[in-house]
Amino acid sequence: MNAFFETWPWYISGLIIGMIMLCLIYFGKHFGMSSNLESLCSMSGLGKKVAYFDFDWKANKWNLIVVLGAMLGGFVAVHFMSDPSNVSINPKTIEQLAVLGIDAPNGKLAPEVLFGNQIFTSPKSIFILLIGGILIGFGTRYAGGCTSGHAISGLSNFQLPSLKAVIGFFIGGLIMVHFVLPLIF
């Protein structure tokens, strides 16, 4: 039972994700979290006003169950199985965060200053969240899918557009961390 409460090695998690992808490929399904937003918009009747959302969302209801499972799994993991004390962060990373004025997570998975509730009290933080959300939404639509859809599903199906998107995600992440993040903090 202790294996469920510890961080799993990459090769176990990767094997499980690979097995899930093989099942999805076998059944002719494509995985991606952002496609659920399209389904939710279609469910709400937005397809009557916007042609893009005019499709049979019921064909994708299996993917909505994946989202519910991910939310339920996250809740269970955080509240009943969480032991972030076994997560080790590189001391260089802690030093670099300190230079930006960000404290080490101190036994948590993420720094409180970036992911705590106090970010909703700062207009600057709310503005950053709003702009970040718009950019993520635009990027997801422009790339034709999200990181999970391209990196997990698209690459496992050998799709060249997914490879280009994943390379773009990594380049964007590097630019953000090395150039934009220091300007923000």
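1. Before anything else, a word on burial: a residue counts as buried under 20% relative accessible area, as exposed over 50%, and as partly exposed in between. Take C41 as a test case. Its relative accessible area is 25%, so C41 falls in the partly exposed class. Keep in mind while you read on that this is a predicted model.

2. Now the overall picture. What is the chain built from, helices or strands? The protein chain has nine helices and zero strands. If you walk along from the N terminus, the elements simply read α-α-α-α-α-α-α-α-α. The C-alpha atoms fill a box of roughly 50 × 45 × 35 Å, taken along the principal axes. There are 185 residues in the protein chain, and 17% of them count as buried. As for the contacts with a separation of 6 or more, 51% are between residues 24 or more positions apart.

3. A disulfide is a covalent bond between the sulfur atoms of two cysteines. How many does the structure hold? The count is zero. C41 is in no disulfide, and the nearest cysteine sulfur, in C146, is 14 Å away. Seen from the other end, the sulfur of C146 has the one in C41 as its closest cysteine sulfur, and 14 Å is too far for a bond. The cut-off here is 2.5 Å between the two sulfur atoms. Is C146 buried or exposed? C146 counts as buried, because its relative accessibility is 12%.

4. Next, have a look at N36, which you'll find in helix α3 (residues 34-43). Why does N36 count as buried? Its relative accessibility is 3%, and the limit for buried is 20%. Which residues does N36 touch, leaving aside its neighbours within four places in sequence? The partners are N63, L64 and V67.

5. The crossing of α3 and α4 is left-handed. On the α3 side the contact is made by S35, N36, S39, L40 and M43, and on the α4 side by N63, L64 and V67. Sort the residues of this contact by class and you get four nonpolar, four polar and no charged.

6. Helix α8 (residues 147-156) and helix α9 (residues 160-184) are another pair to look at. They pack at an angle of about 135°, and their axes are 9 Å apart. Is that perpendicular or oblique? The angle makes α8 oblique to α9. The crossing of α8 and α9 is left-handed. From α8, the residues in the contact are T147, H150, A151, G154 and L155, while α9 brings in P161, S162, L163, A165, V166 and F169. The tally for the contact of α8 with α9 is seven nonpolar, four polar and no charged residues.

7. α8 has a further partner, helix α2 (residues 10-26). How far apart are the axes of α2 and α8? They are 10 Å apart, and the helices pack at an angle of about 60°. That makes α2 oblique to α8. Which hand does the crossing of α2 and α8 have, left or right? The crossing is right-handed. I17, M21 and I25 of α2 meet I152, S153 and S156 of α8. In this contact of α2 with α8, four residues are nonpolar, two are polar and none is charged.

8. Last stop: E112, in helix α6 (residues 112-115). Its relative accessible area is 41%, so E112 is partly exposed. Not counting residues up to four places away in sequence, E112 touches N117 and Q118.

Methods: Residues are numbered from 1 along each chain as its sequence is written. This is a predicted model: local features need pLDDT of at least 70, side-chain atom pairs count only at pLDDT 80 or more; totals for chains, interfaces and linings use all residues. Side-chain values use heavy atoms; hydrogens and water are left out. Axes are lines fitted to C-alpha atoms, for helices over the stretch in contact, and angles run from 0 to 180 degrees between N-to-C directions. Helices (H or I, at least four residues) and strands (E, at least two) are DSSP runs, numbered from the N terminus. Angles under 35 degrees count as roughly parallel, over 145 as roughly antiparallel, 65 to 115 as roughly perpendicular and the rest as oblique. A crossing is left-handed if the near helix is turned anticlockwise from the far one by less than a right angle, and right-handed if clockwise. Contact means heavy atoms within 4.5 Å. Ala, Val, Leu, Ile, Met, Phe, Trp, Tyr, Cys and Pro count as nonpolar, Asp, Glu, Lys and Arg as charged, and the others, Gly among them, as polar. Buried means under 20% relative accessible area, exposed over 50%, partly exposed in between (1.4 Å probe, protein chains only).
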